[in-house]
Amino acid sequence: MRNDIVELRSFYASTLGKLAERSIAMGISSVWANLSRERLVGLGYALPWLERFGTDADRVFAFMPAAQGSVPWPTGKPCTTALVFEEELPLHDSSIDRILLIHALEHAENPKEMLVEMWRVLAPGGRLVLVVPNRRGVWARMEHTPFGTGRPFSKSQLNTLLREANFTPGAWSDALHFPPMERRFMMRFYSLLERTGRRFWPLFAGVLVVEAQKRVYQGLPVTQRASRRVFVPALSPQGAAHARSKPQKTAAP
């Protein structure tokens, strides 16, 4: 099960979603290194954090998986959103300085192939910032949030996966230490619970955050991949082409 763009926007527009956005932003900021005039790509649903961390970037793109759907972004400016297949990004080799991956890896059909594609488009020494649901966390067990869908990861699983894709994991962080309760009286204690959880129960955080760097001193075998999907525009009538191909019956004289 995967949340579509409507569900994601609705969640982050809610009070619980805004608190989650703030907590994740704190986790990202602890691993985010300043790069001057970088080329930044957000893959998955990264819009709330691209607005925070992409202000100094030279170029910022918001790539959204085809199965999720997309929305125009940013508001009031030329659109930089693209609907993509995660394993075949429309980018040249070594063309991006940093990728922010959120609400993406846990839904990938082949997480390793997805990370290999991230490796391809990142420049030498490029950085990948990953935000994924924590297997030990409470948020991964609650389906009323986007973090309760898809495949959660442990720190060791994520570390192994990154190394297999030729990335070197660097700084680690975590976020969402408060419970995903929608009751307002619980949300009032958000700051207290988040600070307490960050100090006393970091193993049970809702998400893991890691920055990994592209490793370039080891060769990778070149293989040709064929896309496993054929995308059909949602607004195209599915039976229109088939109907046109049928010969029209003529009335008997």
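Guide: Let us begin with a term: a cavity is a set of grid points where a 1.4 Å probe fits but cannot get out. Please keep in mind throughout that the model is a predicted one.

Visitor: What is the general idea behind such a search, and how many cavities of 30 Å³ or more are found in the whole structure?

Guide: Rolling a probe the size of a water molecule over the atoms shows where empty space is left. In this structure, the search finds 2 cavities of 30 Å³ or more. The second largest cavity holds about 30 Å³ of space, and its lining is formed by R2, N3, L8, Q68, H103, H107 and P146. Sorted by class, that lining has 2 nonpolar, 4 polar and 1 charged residues.

Visitor: Which residues line the largest cavity, and how do they divide by class?

Guide: The largest cavity contains about 50 Å³ of space, and its lining consists of F178, P179, M181, M186, M187, F189, Y190 and L193. By class, these are 8 nonpolar residues, with no polar and no charged ones. Helices α6 (184-187) and α7 each contribute at least two residues to that lining.

Visitor: How should I read a pocket, and which residues are the closest to the centre of the second largest pocket?

Guide: A pocket, in contrast to a cavity, is an open set of points with protein on both sides within 12 Å along at least five of seven lines. The second largest pocket has about 270 Å³ of space; of the 13 residues that line this pocket, R9, Y45, L47, E51 and W73 are the closest to its centre. The lining divides into 9 nonpolar, 1 polar and 3 charged residues, and α1 (5-13) and α3 (47-53) each supply at least two of its residues.

Visitor: Let us turn to charge pairs. How many salt bridges are found in the whole structure, and where in the chain are R2 and E86, for instance?

Guide: Side chains of opposite charge can pair when their charged atoms come close. A search of the whole structure finds 9 salt bridges. One of them joins the side chains of R2 and E86, at 3.4 Å from N to O. This pair links distant parts of the chain, with R2 in the segment before α1 and E86 in the loop between β3 (81-84) and β4 (96-102), 84 residues apart. As for accessibility, R2 is partly exposed because its relative accessible area is 22%, whereas E86 counts as buried because its value is 6%.

Visitor: Which residue forms a salt bridge with R98, and are the two partners buried or exposed?

Guide: The partner of R98 is E38, and the closest N and O atoms of the pair are 2.9 Å apart. Here too distant parts of the chain are linked, since E38 lies in the loop between α2 and β1 and R98 in strand β4, 60 residues apart. Both are buried: E38 has 3% relative accessibility, and R98 has a relative accessible area of 0%.

Visitor: What does the salt bridge of D58 and R37 tie together?

Guide: In this pair the closest N and O atoms are 3.0 Å apart. D58 is partly exposed at 38% relative accessibility, while R37 is exposed, with a relative accessible area of 60%. Elsewhere, D93, E117 and R120 are linked in a network of salt bridges.

Visitor: Finally, the backbone: which residues does a cis peptide bond join, and where is a positive phi found in a residue other than glycine?

Guide: The cis peptide bond joins W73 and P74, with omega at about -5°, and P74 is placed in the loop between β2 and β3. A positive phi, near 55°, is found at S94, which lies in the loop between β3 and β4 and is partly exposed at 34% relative accessibility. N166, likewise not a glycine, has a positive phi of about 75°; N166 belongs to the loop between α5 (155-164) and β6 (167-175) and counts as buried, at 2% relative accessibility.

Key
Residues numbered from 1 in each chain as written. Predicted model: local features only at pLDDT ≥ 70, side-chain atom pairs only at ≥ 80, totals over all residues. Heavy atoms only, no water. 1 Å grid on protein atoms, 1.4 Å probe; cavity = no way out; pocket = protein on both sides within 12 Å on 5 of 7 lines; lining within 4 Å. Points joined across faces, edges and corners; volume = space filled by probe spheres on them. Helix = DSSP H or I, 4+ residues; strand = E, 2+ residues; numbered from the N terminus. Nonpolar A, V, L, I, M, F, W, Y, C, P; charged D, E, K, R; others polar. Salt bridge = Lys/Arg side-chain N within 4 Å of Asp/Glu carboxyl O. Buried < 20%, exposed > 50% of the residue type's maximum accessible area, 1.4 Å probe, protein only.
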